[in-house]
Structure formats: C-alpha cells, structure tokens
Amino acid sequence: MSGRDLFCQPRRLRRGAALTLVFAGVLVAGAATGSFPQPEHPARKAASGPVGLAGRHEAVRRAAAEAMADGKSPTEAAERAVSRSGDRWGAVYSEGEYEEFQEALDGRYTGVGLWARRERDGRIEVTKVQPGSPAAAAGIRRGDRLRSVDGSKVDGRPVTEVVSLLRGDAEDAPAGTTVTLGLQRGTRAWTEKLHRARLSTDSVTVRRLPGGVTVIKIAAFTKGSADAVRAALREAPADAGIVLDLRGNSGGLVTEAVDTASAFLDGGLVATYDVEGAQRALHADPGGDTDRPLVTLVDGGTMSAAELLTGALQDRGRAVVIGSRTFGKGSIQMPTKLPDGSVAELTVGHYRTPSGHTVDGRGVTPDLEAGAGALQRAETVLTGLGDPS
C-alpha cells in the first residue's frame, strides 16, 4: 500500500466518503452555465417535508442551523443528518477541508512533497520526493525510512494515516506550519524539521518502455490532465502503442476525464447520467486519435471519473482493459453550503457507460484479468493489436 501527501483523506473522510468530491467540481460549474439541471429551490419542497434533492439538502441545512442556534456544533449535527439519510456517499466537510480538496483538484496542495509506502514488515519507506519540495530541500531521498511524524511512531500504521500526519489534517495545518520527521538511512538515524508548503503536482507522468510503448500514468484527474495526455500522444512514436495506466486513480474532475476520452475518440458518447431523474449525456469532442493501439490498466483503486473513462474506452471498442475489477463508484454528489461555512454533499444521481452499464457498486470488469504482471501483459497485447496481419 502506498500514498503521498497530496490526496490524503481528511479525518472525516476516513469513514468511507472520501470519493464524494469527484463530481463536485463539474457539477458546480455546470449549474452556473446551465449545462447541468439546477436543484429545485428548498422553499418549494418545504410544505411536503424533506422529499427529493432539495428536501434532503434542506434537512441537513436545518439540522446545522438549529445546532448553531443552540451553541452546538453545526458540522456534527449535519453529519448526523447525512448519516440518517442512508446516503452511502453523503458527507460533510469543514470549510477548510472543502477548500483543500478543491485546491487538490486544481493540482495544488499543502504538504512536504513525500510519497510513501508500507512494507510487509510494517516499515514506512519513502518512495519518491517531489523536486523543489521541502522534503527535497532537506535532502530526504527515495528509500529513506520514515520512523515518526511529530514524535508519533508510524511503523505499522496505514499509509493514509501517515500521510494525514504529514499534512497536519487534524489541525487543518496551513502552509508554513512545521512538522518534524524521524528518518533513517542505513545505520544513520536523524530528525528533520520541515515547513509545509503550497506545492503543485503533475498528476500525469509519461515514460517510454524499451520496445517503444509509451506509458501514460494518470494519478488523478486534476486541471490540465487531459492537455498533458494530448501532449504525451503528440510526442509518442507513431508506430508504437499506448498504455493508459489508471491503476490507483481515485477520480477527479469529470470534465478532465471526458476531455481525456476525447483524445482517443472521434466524438460520440462517453457516459450518460441522471440527476434526480433528469437524463443527460457526456460526449467526446471529434478528432481524437482512433488508430494507435491502446491498452488501459485498472485495479481496485481505479475509481469514479477513472471508471467513467475506462467504461467509455471499453464500450466504444477503443481500448483493451487489463487488470482487476475497478472500485465501483458511479454516483454523483451535489454540494450545498451550511451556515458555518462547512459543505454537505448528498447523492443526486448515477452515471452509466455508453452501453448502459451501471458502475456504482459493480465497477468495470476488465477484458483480461491480470495482477502484478499487468504491464507486461499490456505490452504483449499491444504487439498483437499493432500487427497489420
């Protein structure tokens, strides 16, 4: 298991609602431009009680307002109301947490620039250091062992918890706050005090395999991801295939996922979705590369917007999907602001692949099952796809 201090789950999200924001950015933008249906005003539902989207949001708002008037925590009251609604993906975020997620989707985050993983013996090992980050400036290197964060030992702890400590989620720590790391390299053990910083991340990485295959890894669909994919396609050898690696991709902005689909499709349907029963569709732009052999890699960590893209490429016959069944998060959440500045999100609909397959709770089944050798399997498949005979 591995992670980094970018898309760490804030404390409230560890209860299972970490993925609710993947549609939030596109829904908020859509409501402003009219491309998504706007929810009915709460006042129109007030007489009949909390029925439908507006009523459910109003019930949460009312619970928060009443708690605030009584001098109690409006956020906790809203959380209880969401829990009572039975909404699997419903969640409440503090104002700071919500801003943090929106910044992450913009490709920005507050942290120290470390990627880490937990070894089989429970040790936490640094797997990557972001250039220009506080961790890089301190001389921390790949392979260093992370022993403690602010005095708390991290051996055996889930990577998500370790990353949360690095980011200071429990205190909503801003840039400039300090965090002390206990480190080890060989027999040398030392501590390093770092100042958290506002960092930018490249969610798309590209590498070339010895045989010429280009591997495009998308960690999350942040702003600019689709442009980075298009740039990688332009620079890839014309006679070699593409591996689109979506393993561990927890989602992101649906607009970026659709734009990425447009890079490989010549127009047509990407997905359909409903918001409170109103049916809508998402389409690719024309002019994408439809000739280059393409394999998409997925696993159980492939979620939401990444599943939307996978389903589109698979159903449209554009890519061979290799790996294991994806996570199965195909629901849409709509945000609403609460009196104390926190944000509640409730599920308003679900999306389906071009063939009409429901993703939520089911995931996307790959064409070929593969585990640790998925990339090698992809190279073999691409050899066959690129054979003109």
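**Entry 1: ground rules.** I number residues from 1 along each chain as its sequence is written, and side-chain values use heavy atoms, without hydrogens and water. Local features need pLDDT of at least 70 and side-chain atom pairs count only at pLDDT 80 or more, while totals for chains, interfaces and linings use all residues.

**Entry 2: confidence.** I looked up pLDDT (the predictor's confidence in each residue, from 0 to 100). The protein chain averages 83, and 85% of the residues score at least 70. Over residues 1–51 the pLDDT is below 50. Where pLDDT is low, the predicted coordinates should not be read in detail.

**Entry 3: α7 and α8.** I took helices as DSSP runs (H or I, at least four residues) and strands likewise (E, at least two), numbered from the N terminus. Helix α7 spans residues 225–235. α7 and α8 pack at about 20 degrees, with axes 8 Å apart. Axes are lines fitted to C-alpha atoms over the stretch in contact, and angles run from 0 to 180 degrees between N-to-C directions. The two helices are therefore roughly parallel (angles under 35 degrees). I noted the touching residues (contact means heavy atoms within 4.5 Å). S225, A226, V229, R230 and L233 of α7 meet E256, D259, T260, S262, A263 and F264 of α8.

**Entry 4: α8 and α9.** Helix α8 covers residues 254–264 and helix α9 covers residues 305–315. Their angle is about 25 degrees, and their axes lie 9 Å apart. That makes α8 roughly parallel to α9. From α8, V254, A257, V258, T260, A261 and F264 touch A305, L308, L309 and L313 of α9.

**Entry 5: aromatic rings.** I searched for ring pairs of Phe, Tyr and Trp (its six-membered ring), with centres within 6.5 Å. The count is two aromatic pairs. W89 and F327 have ring centres 6.1 Å apart and planes at 55 degrees, so this pair is tilted (stacked is under 30 degrees, edge-to-face over 60, tilted the rest). W89 sits in the loop between α3 and β2, and F327 in the loop between β17 and β18, so the pair ties together parts 238 residues apart in sequence.

Definitions and conventions: Parallel < 35°, antiparallel > 145°, perpendicular 65-115°, else oblique.
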